[in-house]
Amino acid sequence: MVEKILAPVAAWIIMVISAGGYLGVVGLMAIESACIPLPSEIIMPFAGYLVSTGRFSLIWVATAGAIGCNVGSILAYEVGKHGGRPFVERYGKYVLLNMHDLALAERFFARWGSATVLICRLLPFVRSFIAFPAGVARMPLLKFHLYTFVGSWPWCFGLAWVGMKLGAAWHTDPRLGKILHGADAVVVAALAIGIGFVIWHKTRQNRG
């Protein structure tokens, strides 16, 4: 059931990158950074696989991913800046945000300042949503984009590097194909459990 849900998403991501090249990576990572949980854990490793085939450069793949994070963050930042708390109260449940999340983000910004964006861009799940509370906190725009890029680049590079290494080993080590084939269900299940936990946690908070 889970595989049937995630497989079309993965197939669409692969199609976009295959057809769009670096711009495809930019576009997909922009979606991921616009408070839409499109998994970068699929986007960047496949782009890294194409590095192993010689189609892409690892440095430029990571850079394209980080640029996409900046592009997508513009919308989320502006919505947070102009919509603020009323937006969260009315529409937050549709993007898995609530007043508890906003208050927590505000405390982080009060304590750590702009470094909050830099840190959160290196973390799963929260990296997709941090632009909204940054807008609510009215973080200076230039610093926001600088920290978004600096924090996103290592994340994109790391995932792409993994994809590149797996791609390079795919045809040279026959054992790898067997291992990965058996691990498909585990990877899909792990993604599903993680996403499910976040949704459950947010739903429980909203009810509370």
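Predicted model: local features only at pLDDT ≥ 70, side-chain atom pairs only at ≥ 80, totals over all residues.
Local features require pLDDT of at least 70 and side-chain atom pairs pLDDT 80 or more, whereas totals for chains, interfaces and linings use all residues. Residues are numbered from 1 along each chain as its sequence is written, and side-chain values use heavy atoms, without hydrogens and water.

Visitor: Is Glu 32 buried or exposed?
Guide: Glu 32 belongs to helix H2 (residues 22–32), helices being DSSP runs of H or I with at least four residues, numbered from the N terminus. Buried means under 20% relative accessible area, exposed over 50%, and partly exposed in between, with a 1.4 Å probe and protein chains only. Because the relative accessible area of Glu 32 is 3%, this residue is buried.

Visitor: Which residues is Glu 32 in contact with, leaving aside its neighbours within four places in sequence?
Guide: Contact means heavy atoms within 4.5 Å. With those neighbours left aside, the partners of Glu 32 are Leu 38, Ser 40, Cys 69, Arg 127 and Ser 128.

Visitor: Which element gives the most to the largest nonpolar core?
Guide: A nonpolar core is a set of buried Ala, Val, Leu, Ile, Met, Phe, Trp, Tyr and Cys residues joined through side-chain atoms within 4.5 Å. The largest has 26 residues. Two or more residues come from each of H1 (2–20), H2, H3 (40–52), H4 (58–91) and H8 (141–170). The most, 7 residues, come from H3.

Visitor: Where is Arg 138, and what is its phi?
Guide: Arg 138 lies in the loop between helix H7 (131–136) and H8. At 51% relative accessibility, Arg 138 counts as exposed. Although Arg 138 is not a glycine, its phi is positive, at about 55 degrees.
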